[in-house]
2 protein chains.
Amino acid sequence: MAKDGITARSKDYSQWYLDIVREADLADYAEVVRGCIVFKPTGYAIWEGIQSGLDARIKETGHVNAYFPLLIPKSFLMKEAEHVEGFAPEVAEVTHASGEELAEPYVIRPTSETIIGYFYAKWVRSYRDLPILINQWANVMRWEMRTRPFLRTAEFLWQEGHTVHATEQEAEEETLMILNDVYADFVEKEMALPVFRGLKTDSEKFPGALRTYCIEAMMQDGRALQAGTSHNLGQNFAKAFEIQFTDQTNTVQTAWTSSWGVSTRLIGALIMAHSDDDGLVIPPRLAPIQAVVVPIYKNDAEKAVVMEAVARITAEWKGKIRFKIDTRDHLSPGFKFNEWEVKGVPVRIEVGPKDVEKGSVAMARRDIPGREGKSFVPQEGLTARIVDLLEEIQATLYQRAVAFKESHTRTVSTYAELKEAIETGFAYCWWAGDSDDEKRIKEETRATIRCIPLDQPGGTGTCVYTGKPATKMVVFARSY
Amino acid sequence: MAKDGITARSKDYSQWYLDIVREADLADYAEVVRGCIVFKPTGYAIWEGIQSGLDARIKETGHVNAYFPLLIPKSFLMKEAEHVEGFAPEVAEVTHASGEELAEPYVIRPTSETIIGYFYAKWVRSYRDLPILINQWANVMRWEMRTRPFLRTAEFLWQEGHTVHATEQEAEEETLMILNDVYADFVEKEMALPVFRGLKTDSEKFPGALRTYCIEAMMQDGRALQAGTSHNLGQNFAKAFEIQFTDQTNTVQTAWTSSWGVSTRLIGALIMAHSDDDGLVIPPRLAPIQAVVVPIYKNDAEKAVVMEAVARITAEWKGKIRFKIDTRDHLSPGFKFNEWEVKGVPVRIEVGPKDVEKGSVAMARRDIPGREGKSFVPQEGLTARIVDLLEEIQATLYQRAVAFKESHTRTVSTYAELKEAIETGFAYCWWAGDSDDEKRIKEETRATIRCIPLDQPGGTGTCVYTGKPATKMVVFARSY
């Protein structure tokens, strides 16, 4: 049974998502700015948690942050043939400034390979300047036709890493290291979301890339969400922008580059992966508020007693638990319970006069709704108990997501089975088709090859579509 | 004597600044994007330190972060008369997207009062929704004619706080609290830079504000740099965007708003306040690298011994000192010393074979150049010694800046004295003039009233310019 204002997932998953975004106060529609949203404080706080976890991993793996211009001369986009084809149709253009028409228009960056490539060409001279390992946190804009909060918006926030290397092998190692040690590690450990790691087929790769690797997560409706991509750009951009260096033998060489990014669509993934018909569910490691304390009292005398206990209980929480004491006087406890459930706070602590007498509190966990998730526990040792519970909830959410992903991924050997499998999840199958085959399957089923997983069984099989002998297995799914 | 590539301050202060920016590798000119710069990793790391210190204070004082759209419908700018006059001449306009002309052009935000005002009008209904205390970290764009790295660039990074209150008094308290507890506290304690806190005159206030408060710092050439502003917007924007609420008596009221911001120009202030003819000087609390270790050796045998000692010495630094071990083999120790001096690292530790024998290291402090700042200290207890030294350097830089500000602020009683004082610093004087008087003085001297300090001596005096009786003292200076 869904809460007021939230459509049940089973009834309309798409509407359920929009209801969660609204009821949990995560975003507002910027209808006055086409396709844009406001990241409201509750939604933005999730992004801050994502930023913090990713930024630490990006720095631990040897990268530094920098910031490049928002505007890109329009001619820059044209320098890489595939790139312009991919992005030119969706850019916003700045044609005037200070009331005058500009000699050459700028585009608002849809991604920054071109403007950063221009600077890297200036900065790289010798093999000693390599590798360049830079990341940027920025806003980007892609004039999308169909938008959906967090998942697809005209303006979004992201990080984009851009690196330069002396050899193809180094660029490939960087691309895969980011995929595994930064993206998959973050999404699985912090977001509690298991992913497939794999290679994109040519028809799904980044415009201008040699190879695109990705992590793909499964949402509760069985559709795939691309949660991060890491591109080995080969020498495509290095040639277009003349990023060259003299090597140890004083020979001029063209460099190899990579780029990789994840965006605010991860907020959408987080919402869709764990939440339920009662509202948002946030894994504790990313929860802006991990525990909320709701004091319960009927009059000023009770209030004094309860608030004294609350202050005592929470005295040592700072730095250990991110918490909030809900002191709003004009709202009933029941209203507050509901609100914090909808907003996905992992643990709720209730303290009333009887709890004070007994030296206990009521403790409710968001991942197990109703009575089953509620227990009465002593005030003594509560801090450690909550810290442990938060880890337990994190593990529970991850295990649930793993079980869901496994039970909704079917190994299929015929096209008919594939079509059936993608109605509820992922289809895993041998593949020896080409881009035209992918296109036909997409037209017929709306499913695409999400990736060729890095982890392959080995051996050979029969292609699910063409019947040809195949050496690789792939994952088909409908996607966001 | 200045270093190679750095003009002496006494010779050409303006060129010295540009030389520091280049030699310390802080920024690159984005000549292909008019008036923009690239914030290179070393420069951006300073901004990350500034963000971290400010964000903590902004949150401690009860604010939360959010994110609003980059683009603003052009018509929004027109809704507040003074605001449009101030900003319309310097906006960049987006007129096309996806290859088609837009029905209404957008401007790239020069500041966000208008777009945020629009949303606040939607969100605020009752007095219970107030106060709204939101901050945003964002890029903004103002098409400036004359640009200078960090100090004035077409695109810059900043934070902008936007709050809504039920009463004028609350808005005023917020505006002043931000000035004192967030901006002045941060700039003085972390940037080691004393400031004047005061009110802007009407001719210098923010377009659309009722009152603008500011902090003003003194650079080494005696010019003022506005380091942060906090605006009581009165009901100007609330009226323009209809931000209204029903109060406790169910009467509809117009709200009161504030806005406040500091930007990447603080990086410019940091450079100009403390650096010397040898390069950048960064206060330890903001230094991305607080201590650099330069190992010294002539052969592999020495290298083994020295690197073992370096590993041992630095083993317990993590989490206490932000440090780097300079292991580059192709550069001489002398070259490295010079590079880290130019880049402003507060403490340099040198370890050679003789130091290993003696159980000591050489320790050089950046704030005292040459032999005087260098000492030989035991390896034992080194961590605590460096931690203490970092605090000492922070204090020394602040004291120097205070002494400089005091010795270059002259109390003047005649216009002739004022003109002389602003050649080398600030002029502090009684004032009873009007906007026309300010304009004339600006034309004649290029100096403006930087602020009417909050801290006033009381009593009355004679206006430095008009000779009229005056009740307020003001600070005149040339400014960046």
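The centres of domain 1 and domain 3 of chain A, taken over C-alpha atoms, lie 27 Å apart. The bounds of these domains come from an automatic or database domain assignment, and here is how chain A is divided:

| Domain of chain A | Residues |
|---|---|
| domain 1 | 13-274 |
| domain 2 | 291-389 |
| domain 3 | 409-477 |

A quick note before going on: this is a predicted model, where local features need pLDDT of at least 70 and side-chain atom pairs count only at pLDDT 80 or more, while totals for chains, interfaces and linings use all residues. Residues are numbered from 1 along each chain as its sequence is written, and chains are lettered from A in the order in which they are written.

Back to domains 1 and 3 of chain A: 15 residues of domain 1 are in contact with 14 residues of domain 3. Contact here is when two C-beta atoms, placed from the backbone, lie within 7 Å. On the domain 1 side, β9 (195-199) and β10 (211-218) of chain A each supply at least two residues, and β9(A) gives the most, with 4 residues. Strands are DSSP runs of E with at least two residues, helices are runs of H or I with at least four, and both are numbered from the N terminus. By class, that side of domain 1 of chain A has 5 nonpolar, 4 polar and 6 charged residues. Nonpolar covers Ala, Val, Leu, Ile, Met, Phe, Trp, Tyr, Cys and Pro; charged covers Asp, Glu, Lys and Arg; the others, Gly among them, are polar.

As a whole, chain A holds 14 helices and 25 strands. Its C-alpha trace spans about 80 × 60 × 45 Å along its principal axes.

Now for the pair of chains.

Strand β5 (residues 92-97) of chain A pairs with β5(B) in the antiparallel sense over 5 bridges, where pairing takes at least two DSSP bridges. His96(A) has Glu93(B) as its bridge partner in β5(B).
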